[in-house]
Number of protein chains: 2
Amino acid sequence: MPELRKDPVTGRWVIISTDRQKRPNDFRFDRAATIGRDQCPFCPGRESLTPPEVLSYRQHGGSANRPGWDVRVVPNKFPALQVEGTLDREGEGIFDRMNGIGAHEVIIETPDHGRTLASMSEPEIERVLSAYRDRMLDLKQDRRLRHILIFKNHGAAAGATLEHSHSQLIALPIVPDFVREEIEGARRHFAEKERCVFCDILRQELVDRPRVVAENADIVALAPYAPRFAFETWLLPKRHASRFEHAPRHEYENLARLLKLLLQRVDRALERPAYNLIVHTSPFSEDTSEVYHWHLELMPRLTSVAGFEWGTGFYINPTSPEEAARVLRAVKP
Amino acid sequence: MPELRKDPVTGRWVIISTDRQKRPNDFRFDRAATIGRDQCPFCPGRESLTPPEVLSYRQHGGSANRPGWDVRVVPNKFPALQVEGTLDREGEGIFDRMNGIGAHEVIIETPDHGRTLASMSEPEIERVLSAYRDRMLDLKQDRRLRHILIFKNHGAAAGATLEHSHSQLIALPIVPDFVREEIEGARRHFAEKERCVFCDILRQELVDRPRVVAENADIVALAPYAPRFAFETWLLPKRHASRFEHAPRHEYENLARLLKLLLQRVDRALERPAYNLIVHTSPFSEDTSEVYHWHLELMPRLTSVAGFEWGTGFYINPTSPEEAARVLRAVKP
């Protein structure tokens, strides 16, 4: 059974998930090769290689766990958390723990092994975003859970072990530290000014524009003022709202459009880098409707020499956001 | 001029250091090869390839910037911060910034290109720790500075671009986020219990001992209860003290002894992994003497598939600390 443990100093929760470690005496995890087309469990016709699907979109019908799907969501075969069981929150002296209850799912974004998010059509990307939403709405009903993380690792350097384009979902009984920090920061700003900090950022950025990469009617792509990583880019809805899963249809449409544009520009400017894409949305266990503002964060992985940042969370970024935005704006379509 | 910028949501400071980027149109940083013996600027006889030394220990004499040194400290040739100038703290609307004033130095730990911290003698390791201390005591006198980070990246996978064994020092005019979090957490614990949280951890761990790796008269090597990384290990002084740089001689001796033992066991159990080693000590701009407890954190880099953690600071660890401690305890000398 995986466990959630809390560091007594910082209050940070971590998942200790020893079941994922297949060979107990092999502690080197960096030798996993990326799984390519030949053995891909995400390709149509190989549905039996994954756990049974929890969601699929099938424009042209077809029965569950058979080919014919456009997007398919399945439980992770090597989950970091498990759905069955009780939380059993307990203390061990000074320490706090609970069982690693939660969901760990894979969103298979396309049946086509060769497609990437950047090369999908806008409606196809929108379908992926809808799958994110539908899984969130479903999992929210489980009262043991507090937060849902949706993220995508693209490329081996970003942590993807399967080539076939996919995202992951982790539903947690706690609110992770980095979400907590964002929420607390947004609360402090709101307490002081009665305004959302992200709305304030948007207002200022849309006047001067040195860090705006692109925008459309609903969404702004922005290099943040203090980025941790070179070419880090945020996709923010112009309209204030704390929850990704409640966004109206036209915002998903425009988000899909701007995400495609951004990924294409990143691919062209930076030679198809590996990247992480993370959905930032409100924990569903608390009311953050006034203070928080959902958004996506894209982090191209341009450096492998970030050893220092790895353990400290303190970042040295070699590219200013103004330079990154200028480069991404200048990319010819 | 490098810049320090604060994220308006989380309050996290980052360094934007564009001068380090040598080729303005090449944004891929992952192609830097590790510099080996042939071109090593840290080997004796090549002192002119580094900026002039700020400290050296020379048991057998010899003049500055000439061979004969045992430990040598030089400014980083590609510094993330610069010493000259004024902070010029300023707001840009909602944003906060200051000039990237600070020091960025390299501690060359040994004249011998082939030695590692694990293969040095205990007195040699103690000499490295003394160099850390001496540079801290010197840089603390600069009233513009608030905190000193000392860390070591060992191996290319941990971010080292030079093979020759060395550590780095970054002196900052701000307190980095991860230090702030630790201090705040320790303050909360102290406010509630009138006890240091690290002392409480030690008291509990030294009774049950499932996570104790090794100990001697002054220092305990401990797999923390909620480790972010497989085989993460902390080296804590038994005596409460907030500042590494004020430790008495016998604590450095025993720290050197336990660090050597730990690194040798890690090398043997995990096939000489890359690792990051970080000194956690109090910022010198504030009084944390009752609440904080200095220590070292060792993080072997066993996985390159941590894409998810990279952007989120949320960790999934495949090895329990009890298992890690058991494995490290069982290593035959």
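**Strands and chain contacts**

Tutor: Strand β4(A) pairs with strand β7 (residues 103–108) of chain A in the antiparallel sense over four bridges; strands (E, at least two residues) and helices (H or I, at least four) are DSSP runs numbered from the N terminus, and two strands pair if DSSP finds at least two bridges between them. This is a predicted model, in which local features need pLDDT of at least 70, side-chain atom pairs count only at pLDDT 80 or more, and totals for chains, interfaces and linings use all residues. Residues are numbered from 1 along each chain as its sequence is written, while chains are lettered from A and ligands numbered from 1 in the order in which they are written.

Student: Which residue stands opposite Val73(A) in β7(A)?
Tutor: Ile107(A) does.

Student: And what does strand β3 of chain A join?
Tutor: Strand β3 (residues 55–57) of chain A is joined to β4(A) by three bridges, and the two run antiparallel. Tyr57(A) faces Val71(A) of β4(A) there.

Student: Is β4 of chain A mostly covered or mostly open?
Tutor: Mostly covered: of the five residues in β4 (residues 71–75) of chain A, four are buried. A residue is buried if 20 or more other C-beta atoms, placed from the backbone, lie within 10 Å of its own.

Student: Changing topic, what is the order of the open sheet of five strands?
Tutor: The order is β5(A)-β6(A)-β1(A)-β2(A)-β15(B), with mixed pairing. β5 (90–92) of chain A and β15 of chain B stand at the edges, each with a single partner strand, so one side of each has no neighbour in the sheet.

Student: How do β5(A) and β6(A) pair?
Tutor: β5(A) and strand β6 (residues 95–99) of chain A are antiparallel, over three bridges, with Gly91(A) opposite Asp96(A).

Student: And where do β2 of chain A and β15 of chain B come in?
Tutor: Strand β2 (residues 13–16) of chain A pairs with strand β15 (residues 316–317) of chain B in the parallel sense over two bridges. Ile15(A) stands opposite Ile316(B).

Student: How many residues of chain A are in contact with chain B?
Tutor: 73 residues of chain A are in contact with 73 residues of chain B, contact being C-beta atoms, placed from the backbone, within 7 Å. Helix α2 (residues 177–193) of chain A supplies the largest share of chain A's side, six residues.

Student: Why do the copies meet through the same surface?
Tutor: Because 100% of the interface residues of chain A are also interface residues in chain B.

Terms used: Two residues are in contact if their C-beta atoms, placed from the backbone, lie within 7 Å. A residue is buried if 20 or more other C-beta atoms lie within 10 Å of its own, exposed if 12 or fewer, and partly exposed in between; C-beta atoms are placed from the backbone.
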